[in-house]
Amino acid sequence: MAPFNFTHSDTSTFILMGIPGLEAAHIWISIPFFTFYIISLLGNVTLLSVVGKEQTLQKPMYLLLCMLALTDIATPTFVVPKALGIFWFNLKGITVAGCLTQMFFLHTISVMHSSTLVTMAFDRYVAICNPLRYATILSNAQIAKLGLVGFIRAVLFILPLPLLLSQQTFCANRIYPHTQCEYIAMVKMVCGDIRVSRIYGFVLMFVINGFDLTFIALSYGLIIRAVLRISSHKAHQKALNTCTAHICVLLTYYTPTFFSILTHYFGQGIAPYVHIILADLLLLIPPMLNPIIYGVKMKELRDKVVKYTCRSSADTKFTQSSADTRDNISSGLQCPSGNCQIVREYVNQH
């Protein structure tokens, strides 16, 4: 947990307070935290499992969904276990190294998530505006390369943040009013010159979000222009429907992100626990909603999920029925509804 080089702050510890002002409600707050996390894991693992098993889904659009699902699994996993430790067992201590490491991974995954959304916007642009060349421009290999570029970009942009902070001296008061190690909050705990860290963080926010949102807006501007040139109303509807799920995911990610950033910089009169709850919801709500959105909006994916779910349920029921029938056979009882022959065939096959 100590990949960064520290000065004398090496052995120090921060005290994560959870949600100050709402300590009495920590147990109740932990219920939605835990629920959202489990739903997020189930949804995203199901998506990855179905795409991995179904050959017909192993194409660029669904590989992008898998990349998004991986970031959606990683994001709450770096936050929720520690938060639940605070809520349930009062385990508030975390080393400076551990705090900076958590911050690095959280922000790296966030940048990767944004890169994936940009790639998905480009995917929709090519699918609608240049469908005949779609297979050439966006093959599975190209998607893998774009994913690697997104990962490298995230690491290169975020790595300086913990490196800069690791060279700073933190104040004697190590009480950290949060459930997670967030960059903006950590900067406020430094007792030295933080101009370089502040400027880099501020520029980084505008460069990453500015570039990504500009590219997404450009892609959708070209998509709308292409759709408006189509004379058929039915074709209009079909083209726009292919983008609905992606637009919903964009809104669930960028809307709370910017709202949280604005409250940090301009919401001095807002209660501290509001900032903390917003930051936590930003890491919990999108990962939970994304697989639901794509499952509802994409018929092909929904049908495959239902297929595998029903098959798993049917196998479980048949296995139980077969076990009961075998017990009947061994007890000398008559098999109900001719199940003996079915059991013999099932046993021979398995």
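User: Why is Trp-88 called partly exposed?

Analyst: This is a predicted model, so every value is computed from it. The relative accessible area of Trp-88 is 40%. Buried needs under 20% and exposed over 50%. The value lies in between, so Trp-88 is partly exposed.

User: What makes the pair of Phe-34 and Trp-88 tilted?

Analyst: Their ring centres are 5.8 Å apart, and a pair needs centres within 6.5 Å. The planes meet at 50°. Stacked is under 30 degrees and edge-to-face over 60, so this pair is tilted. The two residues are 54 residues apart, with Phe-34 in helix H1 and Trp-88 in helix H3.

User: How do you know that Cys-99 and Cys-181 form a disulfide?

Analyst: Their sulfur atoms are 1.8 Å apart. The cut-off is within 2.5 Å, so the pair counts. Both cysteines are buried.

User: Why is the disulfide of Cys-171 and Cys-191 called right-handed?

Analyst: The torsion about its S-S bond is about 120°, so the disulfide is right-handed. It ties together parts that are 20 residues apart in sequence.

User: Why is Cys-129 in no disulfide?

Analyst: The nearest cysteine sulfur, that of Cys-243, is 8.7 Å away. A disulfide needs sulfur atoms within 2.5 Å, so Cys-129 has no partner.

User: How do you know that the span of helix H4 agrees with its number of residues?

Analyst: H4 has 34 residues, so at 1.5 Å a residue it should span 50 Å. Its end C-alpha atoms are 49 Å apart, which agrees.

Technical notes: Residues are numbered from 1 along each chain as its sequence is written. This is a predicted model: local features need pLDDT of at least 70, side-chain atom pairs count only at pLDDT 80 or more; totals for chains, interfaces and linings use all residues. Side-chain values use heavy atoms; hydrogens and water are left out. Helices (H or I, at least four residues) and strands (E, at least two) are DSSP runs, numbered from the N terminus. The expected span of a helix is 1.5 Å times one less than its number of residues. Rings of Phe, Tyr and Trp (its six-membered ring) pair if their centres lie within 6.5 Å; planes under 30 degrees apart count as stacked, over 60 as edge-to-face and the rest as tilted. Buried means under 20% relative accessible area, exposed over 50%, partly exposed in between (1.4 Å probe, protein chains only).
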